[in-house]
Amino acid sequence: VFVDCFLKSDDNNAIDQASETVSDIGVLFSFVQDKDIFRAHYKLRLAKRLLQFKYNEDLELQVLEQMQKQSGKHFIHKFEGMINDVRVAESIQTKFEEAKVQGLPCAFSIKVLTFAYWPQIKPDDSFVSPDSLRQCQDGFERYYRRFNPTKQLKWQAERGSPVLDIAFPKGTKEVNMNIHQAAVMIQIDSGALLPNGGSSTQ
């Protein structure tokens, strides 16, 4: 938890003292007896930092270096793979935006990740993607398969972080929510969840 809080910190003082703190983390890591349990928990927290927060790659790698000194390259292999995945995913996203794929109903950001590196989450088989999300997914798949015909994409919408523009009496606001909340809001906006097809603007 201490390492996670440090690596998520926007505190300038914390960053200024980063080298000293990274060394302290190395000392603390040396006292961890069950490093397999530590690795499992660290992978979950690293995944959340890389996908949901702004992260400092240099600091992440410095911490991994401390772990490697004591537990070897194999211990941090998947952690390094996760960081590299995000780096490559940013390049894929940039090229996707430059391609200006037709038929996308909204702005769409995607991260293509290597299945073997990341902590697995149980997919929600009951989740039905809104039409707008399916159109975006179809558009990206058409683009991606042109360059990667042998690779298979498996969507995990549960990891998504939708941002909706919602009209309030005092103006439109951007609202962050999870994918299930966004799906419900989109259905309400279309009138699909209201009695007798009523309008959500009532």
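**Close-up views of a predicted model**

**View 1. The hairpin of strand 1 and strand 2.** Val163 has Asn176 of strand 2 as its bridge partner. Strand 1 (163–168) and strand 2 (residues 171–176) run antiparallel and are joined by six bridges; two strands count as paired if DSSP finds at least two bridges between them. Two residues lie between the strands of this hairpin. Helices (H or I, at least four residues) and strands (E, at least two) are DSSP runs, numbered from the N terminus. The model is predicted, so local features need pLDDT of at least 70 and side-chain atom pairs count only at pLDDT 80 or more, while totals for chains, interfaces and linings use all residues. Residues are numbered from 1 along each chain as its sequence is written, and side-chain values use heavy atoms, with hydrogens and water left out.

**View 2. The largest pocket and its lining.** The volume of the largest pocket is about 1600 Å³. A pocket is an open set of points on a 1 Å grid over the protein atoms alone, where a 1.4 Å probe fits, with protein on both sides within 12 Å along at least five of seven lines; lining residues have an atom within 4 Å of a point. Grid points are joined across faces, edges and corners, and the volume is the space filled by probe spheres set on the points. Of the 45 lining residues, Phe108, Ser109, Ile110, Lys111 and Trp155 lie nearest the centre of the pocket. Helix 7 gives the most to the lining, with six residues. The lining divides into 27 nonpolar, eleven polar and seven charged residues; Ala, Val, Leu, Ile, Met, Phe, Trp, Tyr, Cys and Pro count as nonpolar, Asp, Glu, Lys and Arg as charged, and the others, Gly among them, as polar.

**View 3. The largest nonpolar core.** A nonpolar core is a set of buried Ala, Val, Leu, Ile, Met, Phe, Trp, Tyr and Cys residues joined through side-chain atoms within 4.5 Å. The largest has 23 residues, and Tyr42, Leu50, Val63, Met67 and Phe79 have the most contacts inside it. Helix 6 gives the most to this core, with six residues. Phe79 touches Arg39, Tyr42, Lys43, Leu46, Leu64 and Met67, not counting residues up to four places away in sequence; contact means heavy atoms within 4.5 Å.

**View 4. Gln66 in helix 5.** Gln66 is buried, with a relative accessible area of 16%; buried means under 20% (1.4 Å probe, protein chains only). Leaving aside neighbours within four places in sequence, Gln66 is in contact with Val22 and Gly26.

Definitions and conventions. Buried means under 20% relative accessible area, exposed over 50%, partly exposed in between (1.4 Å probe, protein chains only).
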